Amino acid sequence: MKKLKRKELESYLQQVDGFENPKLVLEQYPTRPHIAACMLYTIHTTYDDIEDKLIADLGCGCGVLSIGAAMLGAGLCVGFDLDEDALEIFKANVEEFELTNVDMIQCNVCSLPSDKMLKRFDTVIMNPPFGTKYNKGLDMTFLKTALQIAREAVYSLHKTSTRENLDMTYQHHSSFIRRSRLISKWTSFAFLLVDF
């Protein structure tokens, strides 16, 4: 597989089809190609948490993060989303790019952690619903789920106004040893926090 530069990745991600009719109650908003490319490229080149890794994309929507991770050499990227329509677009995008290291599961991310999923994935990536319009605190529920299913790292986009709450949630749901190992990734990745 050819090593992609960030600009090349962004160019490919601009070709990913998005929502035609986003569902406001699900807070469906696209992850812009520039933000997705910066996030994924940093995860890949700085932290080595994509190539040959088992990756979960929580609230994957149309699949821009999963597709980008797959292009950067993920062993397998599994997208999880509640919305069947979003997953149909995701499936079409994967077929268009002829990717074989991507799968998707239709489910409610909030009820995902079971004994079978605990610490199952090396890396979790996500741009969760912020929970600011209809589902207050939903981003925190996604974060808790991510921390339960990730073995190594969690990378997530959030509103900057929720930073303090995110840090408290992270501290509460991580063991001391795991926290000390992950804290540099969490804090170093703060530059990608989204403020809409």
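**A parallel sheet and its covering helix**

Strand β2 (residues 76-81) pairs with β3 in the parallel sense over five bridges. Strands and helices are DSSP runs numbered from the N terminus (E, at least two residues, for strands; H or I, at least four residues, for helices). Two strands count as paired if DSSP finds at least two bridges between them. The model is predicted: local features need pLDDT of at least 70, side-chain atom pairs count only at pLDDT 80 or more, and totals for chains, interfaces and linings use all residues. Residues are numbered from 1 along each chain as its sequence is written, and side-chain values use heavy atoms, with hydrogens and water left out.

Val 78 has Asp 103 of β3 as its bridge partner. Asp 81 is partnered by Gln 106, also in β3. β2 also pairs with β1, in the parallel sense and over five bridges. Here Asp 57 stands opposite Gly 79 of β2. The chain passes from β1 through α3 to β2 in a right-handed β-α-β crossover. A crossover is right-handed if, with the strands pointing away from the viewer, the path from the first strand over the helix to the second runs clockwise. A right-handed β-α-β unit is also made by β2, helix α4 (residues 84-97) and β3.

The open sheet contains five strands in the order β3-β2-β1-β4-β5, with parallel pairing. Its edge strands, β3 (102-106) and β5 (150-156), each pair on one side only. From one strand to the next, the twist averages 20 degrees.

Helix α3 (residues 64-71) lies across β1 (54-58), β2, β3 and β4 (121-126). It runs at about 135 degrees to β4. Axes are lines fitted to C-alpha atoms, for helices over the stretch in contact (heavy atoms within 4.5 Å), and angles run from 0 to 180 degrees between N-to-C directions. Eight of the eight α3 residues are buried, among them Val 64, Leu 65, Ile 67 and Met 71. Gly 73 follows α3 and has a positive phi, near 100 degrees.

The chain averages a pLDDT (the predictor's confidence in each residue, from 0 to 100) of 81. At least 70 is scored by 72% of the residues. Confidence is highest in α3, at 98, and lowest in helix α7 (residues 176-188), at a mean of 41. Over residues 168-196 the pLDDT is below 50. Beyond near neighbours in sequence, this stretch has 60 contacts in the model.

How values were computed
Buried < 20%, exposed > 50% of the residue type's maximum accessible area, 1.4 Å probe, protein only.
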